[in-house]
Amino acid sequence: MSAIFVITFLMKVLICRKNHSILWYAHNLLLLSCILLATFSCKKKNNRVGNSDEFLRLRAHIDTLFGTNRVNQGMHEMEYFVKHSKDLTLEDRYASYGYRYFYFHRALGDHKRALLYADTMLSIANESINNPQQYQHLFIDAQMALGDTYFNLGQYSTAYQHLFQGYLVGKNSLNHTALSEYMYRMGMITYKMANYKLAKEYFLRSYIYYNIVPTDFVNYYHVQELLDNIALSYKHSNMLDSAIVYFDQSLSFINKYGPQFKDRLKMMEIAQGVVYGNKAEIYILKKDDEQAIGLLKKSIKINLQKDYDNADAELSEIKLAQIYDDHHRDAELFALLTDIGEQLKTTKNPDVEADWNRLMGHYYLRKKDLSRTVAFMQDYNTVKDSNIARFNQLKESEIDKQFDTYEKQQQIDELSNNNKIQRILLVVILIFAAMALVIILLVYRNWRRSKSDVQTVKTLNQQINEQNIELGKALSELKLSDQEKDRILRTVAHDLRNPIGGIASLTDLMVDEGYNEEQKDLIKLVKETSHNSLELINEILEATNITSIEINPELVEINALVNTCVELLRFKAAEKAQKIFFEPLHTPQQLMISREKIWRVINNLISNAVKFSPTGAPIFVKIATENNQVIISVLDNGIGIPDQLKDQVFNMFTTAQRPGTLGEKSFGLGLSICKQIIEKSHGKIWFESSNRGTVFYISLPLPDRDAQSESPQQVSVPQA
């Protein structure tokens, strides 16, 4: 037990010397040391099992050196002993590599070098396979070392595999403290990979297993961190009320037990500030902005102090700035954004930097300073694309499926070693073989009785094949006819474009000549008719060409694409005193689509909403997800589509076209083009309409990968 005391003392020394981030390593060291001590202290009568007496004395000395911050001296003496010792036991060798692993992983932070020693630890553990108790302890310890190292290298899927393998071997023998540490680690990995529902389960199980001793600082700090992580996982799972409960528990725990650690008050305040900022997000989602503002100001006041968690303070500041932007509190917004901009010069924070550029763009847009607006929005898109790429790298595997896979593999291994189960499997296989034989005999008997039926079926199949050939010929002729129609349309449209373009150019020149007012009106009429004809010709050319154009998909962030369309069309809507309200997805989402073609579709739908809505009417654009589909909806409060015209809306040259509310011209080709683009993109387009307005929907498939970490939003009419 004296060795355990030394390791615990070493942790506290490290915590005193480092900031609060050392807690992750402190927990790793505690569990690693407990398992090592439990393993190495089990000396058997056989001298080759356990540690030698010489190594036990050396280990006590090295632990003392580590505890007094003489790590390099301790490693030097351990290396000298291993090099000159001629009779090392297996566990002596394992422990020597364990110290090397600790030295490079914890003391130097050289995780790649540490990984080599962790692999060697696993190899040595496998040498003890004939001693189940010894093998179990060493295997669990080595798997944890590998899991921690891969976690620090950012290879979360591999880290999860090693930790889970160790958990499977030790879940029936480890005590609750060790199980809590395993659950905590797997919770951190799944949270990093945005699998929040699974992370929540791991953190809850870790909290249940954990032995709470609030008078110990490491224990106290870990408990408040666990409560905060549980709340964050509930938040990301869209379970807001549960998130508030655990945030309140975390704050209550901090306030109750924190004051006793007078030499750690700074760390306690930092933790308190982080929880305030996290809790504020819940009230933002609940649209309770006043509550959110109060919590954010508390968080900023704490963590904006020197040597506190300034990066977290910046996150809270940008959340507060978003509230100011939503309520158009421009004076407070600009003052806050100016402060954040100065802070970003010294404390880099990519997530904050992206939102800072976006909010500055919004501010200057309201000030009608378009050059600054464009500059900030360009910087926003650049930083955001970088953040999206970084975020997607984290979501690299299906952890919840891996959990089931590893569990089933363990069950299979156990079944393979159980003779009784094997016999049952053999009986089941024989039964299935007998059933298969009976089925074959029945099929054979029925086949012999139905030769005439088979001949009839052959005759019918021949007739069907002949009819299919005739239908194929008819379809080929129809396709040729359709292609010929498109060719004629393109030829006519192309031949008309040049003379009509010439007429339009001449009328532009004639308007400035010395004609009387009546003549000028006639010239303007010719000019307007010419331009309308050119627009119609261009739409005809595009409509006939779209069937032959190949869609070249690429990964496109859908929030940014739709937002660009909205921002570009706000000015067009402003000409009719209209406002466009946009509700994006809560998290970035990339789709495999053609940026140019989908942009054309969204632009056409929003333009139609502007065209057919009365002056001053709002327009709502929303993105949601449902059943592995992204749903984009555009709602207007316009004139609607009569029932007798609804079946003709997507037809080319439809008779359903009508002028806009201010007499804007419509040719009826736009929606036909939209339908062809969406179908080529493997999506769907539809609408719902009444005399109070129309809402158009676009459905596009999500890429084949993990389901999104957020709970899907339901398809609904977008609201302001």
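Glu679 and Lys675 lie 4 residues apart in helix 25 (residues 670–680), so about one helical turn separates them. Helices here are DSSP runs of H or I with at least four residues, numbered from the N terminus. The model is predicted: local features need pLDDT of at least 70, side-chain atom pairs count only at pLDDT 80 or more, and totals for chains, interfaces and linings use all residues. Residues are numbered from 1 along each chain as its sequence is written, and side-chain values use heavy atoms, with hydrogens and water left out.

Glu679 and Lys675 form a salt bridge, defined as a side-chain nitrogen of Lys or Arg within 4 Å of a carboxyl oxygen of Asp or Glu. The whole structure holds 22 salt bridges; the table gives some of them.

| Pair | Closest N and O atoms |
|---|---|
| Glu679 – Lys675 | 2.5 Å |
| Arg100 – Glu79 | 2.8 Å |
| Glu201 – Lys200 | 3.6 Å |

Arg100 in helix 5 (residues 90–107) and Glu79 in helix 4 (residues 71–84) are 21 residues apart, and their pair links distant parts of the chain. Arg100 counts as buried at 8% relative accessibility, while Glu79 is partly exposed at 32%. Buried means under 20% relative accessible area, exposed over 50%, and partly exposed in between (1.4 Å probe, protein chains only). Lys200 is buried at 10%, and Glu201 is partly exposed at 37%. Salt bridges also link Arg106, Asp148, Glu181 and Arg185 in a network.

Phe432, in helix 20 (residues 419–449), is exposed at 53% relative accessibility.

Technical notes. Helices (H or I, at least four residues) and strands (E, at least two) are DSSP runs, numbered from the N terminus.
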